[in-house]
Amino acid sequence: MAAKEFDIPVLPTYIEIPKINEGAMEGDGPFKASKEFQNPLGFPGEKVDNWQEVAIAKMGELKSKYRSVQVFLDSCVKCGACTDKCHYFLGSSDPKNMPVARQDLFRSVYRRHFTFAGKHFPKLVGAKELDDKMLDDWYNYFHQCSQCRRCSVFCPYGIDTAEISMAAREVLDAVGVGQKYCNQILGKAITIGNNLGLPEPALRDTLLDLEEEIEEETGVAIKYPLDVKGAEILLITPSADFFAEPHIDGLIGYGKVFHQDGVSWTMSSYASEGANFGMFIGSYDIMRKAALRIRKAALDLEVSRVMVGECGHAWRVAYSFWNTLTGVGAGATDEFGLKLQNQLDSRYPQPQHIIEYTHDLIQRDKLKFDKSANDDRTVTFHDSCNVARATNMGGIPNGQFILPREVIKAVCNNYVDMERTTIKESTFCCGGGAGILTDDLMEIRIKGAMPRMQALKEVEKTDGVNTLVAICAICKSQFSKVLPKFDFDPYMIVSAHQLVSEAIVIDKPQTDDSEAEVAEESVAE
C-alpha cells in the first residue's frame, strides 16, 4: 500500500454516499512487526504454524472475557444505518470499509465457530472459515479503522465497531501478525516511558532549552520542571509535545498557565507519555503496563493531582480506564491502587484534563488575556473522536464540547463552528487515529481525511477560517500532513493552548529598577 500511487479525493460541495468501488483498498496492509517488536510485548515473533487454532481460541477467550464483543457480534440486523457514516468508506468507496462490512469479516468467522447455525448451516448465515485470505483481509481492513466510534452514534443498537476492531487486532497479534508501527511504539513506552524512546537526559535538556527560549522571548522565567518530588500536579502529556510542531506550542501554553496560577507542578521522566497504544491493539494487559508507569510516577513523586495534556486517546484511556487500571480515580482494589487513591486530593477531578484546569481558572478570573493577540485568526475547532465520543469534561452534560470552545473563545475574538452534522458527537475523524498515523498507510489517511477537509473548506469559503484547533496529538500530526493535500496551509493547525499562550498576560517580576521607581514615586507624593 505504501508505494501505490493514488489520486487525492476532490472535495465535494456536500458529502454524498459514494459509488461502490470493490477492492479499492485491497492490499497487504501496513508494515508487519518483526520479532524485535513482537516478543517484548509477549506476542509470537512470526505467524505461528497452528495460527487458525490459536486465532479461534483467542476469539473464544475474548467472547467470554468481554461480553460487549459477543453482544455486538450477535445483535447486528444489517439495517444499513452505519454504511455511510465511516470517513474511510466515504473517502475510499471500498465497501469493506462500511462499518457493517468490516465487522462481518470478524463476525462471519465468529458465526462459523461459536453459533449453532454457523456450525451446521454456515451458508445460510454467512459463516466463513478463517483462511489465509480472510486473515489478510482482517489485517488490511482492520487497519483501515481508526476506532473513532462515529458509526456507533448512528447504530440503533449501539454496536461499537471500535471494540470489534480492537478484538481483531488482538487476535492478529496473538497469531504473530502484528503491526510494526503500534508495537514498536509500545515497546518504547513500556520500557523507556514514552513513545519516542526519549531517555531522561535528553528530555531534561529539551525542557531546559525550552525554558531558555521562552525567557528570552517573554522576559519571564517560566519553568518546565521534571521529576520534582512533592509537586502538587503531575502532568502527563503526549511526548509529541516535547518536540513536534504545533504540539510544543501547546506545552508552552501549559507552562504559562501553571506559572500564572502559581501552582507547583512537574512532569516525570519515568512516565513521560500520555498516549497509550495498548488501546489501539485491543490489549488491556499492555494498556495496563503503560498506565502503571503513570501510577508509579505519581506515587514516587508524591503528587496530589494528576493532569492530562492535549491528547485524544490519552484522555479516553485516563477518563475511562485509569480508575481500574491504576487507581487514578476510583476502582482499583490492589495495595498500590488504594495507596494512590488515598494520596490524591479528592477535592479535584482525578484525573483532570488540562482544558478543565484552564477553563476553571478562566471562570474564576485567575487568568488575563489580550484577545487581540489572536485577531489575525478566524478559528474553528475539530472535535477529536476519543474526546467527543468516549469522555466528558467538567462534570456537566456535553462538557467535552462546551469547555474547549469556551477556552478558545476566551482567547480569540473570531470563532465559528463547522457544519453541525460534522462536529461534536457526530464529528468526523481526522483520519489518522488508532495506529494509522504511519506513512505506509498514507493513502487511507488522506482519503479518510476527506470528510473533515470538506467541512473545513466550507467555513474557509464562508467565514474566512484560517486556523484549525485540535486537542489531540494524533489529530495535529495528521492534519499537518494532509492539509496541504487539500490546498490548506499546513500551519493552520494549532493546539488550543497555543492560542492561550499567545493571548495570556503574564505577570512579570518586579526588577530592582522598577522597585526604585515605585519608591521614588512614593517619596515625590
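Is W265 buried or exposed? W265 counts as buried, at 6% relative accessibility. The close-ups below visit this residue and others in what is a predicted model.

**View 1. W265 and F258 form an aromatic pair.** The two rings are tilted, with 35 degrees between the planes and 4.6 Å centre to centre. F258 counts as buried, because its relative accessibility is 0%, under the 20% limit. Ring pairs also link Y224, F258, W265 and Y357 into a cluster.

**View 2. Here we meet the largest nonpolar core, with its 121 residues.** Y224, F258, W322 and L456 touch the most other members. Helix α13 (residues 284–301) gives the most to this core, namely nine residues. Domain 1 (35–178) and domain 2 (187–503) both contribute residues, so the core lies between them. Setting aside neighbours within four places in sequence, Y224 is in contact with residues including L207, I252 and M267.

**View 3. F277 and F280 make another tilted aromatic pair.**

**View 4. Charged side chains sit over rings at two places, R305 over Y348 and K457 over F488.** R305 lies over the face of Y348, 3.6 Å from the ring centre. For K457, the charged end is 4.2 Å from the centre of the F488 ring.

**View 5. T462 is found in helix α20 (residues 442–463).** This residue is exposed, with a relative accessible area of 59%. The T462 side chain reaches the backbone oxygen of E458 at 2.9 Å, and makes a polar contact with the side chain of D463 at 2.8 Å.

Methods:
Residues numbered from 1 in each chain as written. Predicted model: local features only at pLDDT ≥ 70, side-chain atom pairs only at ≥ 80, totals over all residues. Heavy atoms only, no water. Helix = DSSP H or I, 4+ residues; strand = E, 2+ residues; numbered from the N terminus. Buried < 20%, exposed > 50% of the residue type's maximum accessible area, 1.4 Å probe, protein only. Polar contact = N/O pair within 3.5 Å; in protein donor to acceptor, adjacent residues only side chain to side chain. Core = buried A, V, L, I, M, F, W, Y, C linked by side-chain atoms within 4.5 Å. Domains from an automatic or database assignment. Contact = heavy atoms within 4.5 Å. Phe/Tyr/Trp six-rings, centres within 6.5 Å; stacked < 30°, edge-to-face > 60°. Lys NZ or Arg CZ within 6 Å of the ring centre and 35° of its normal.
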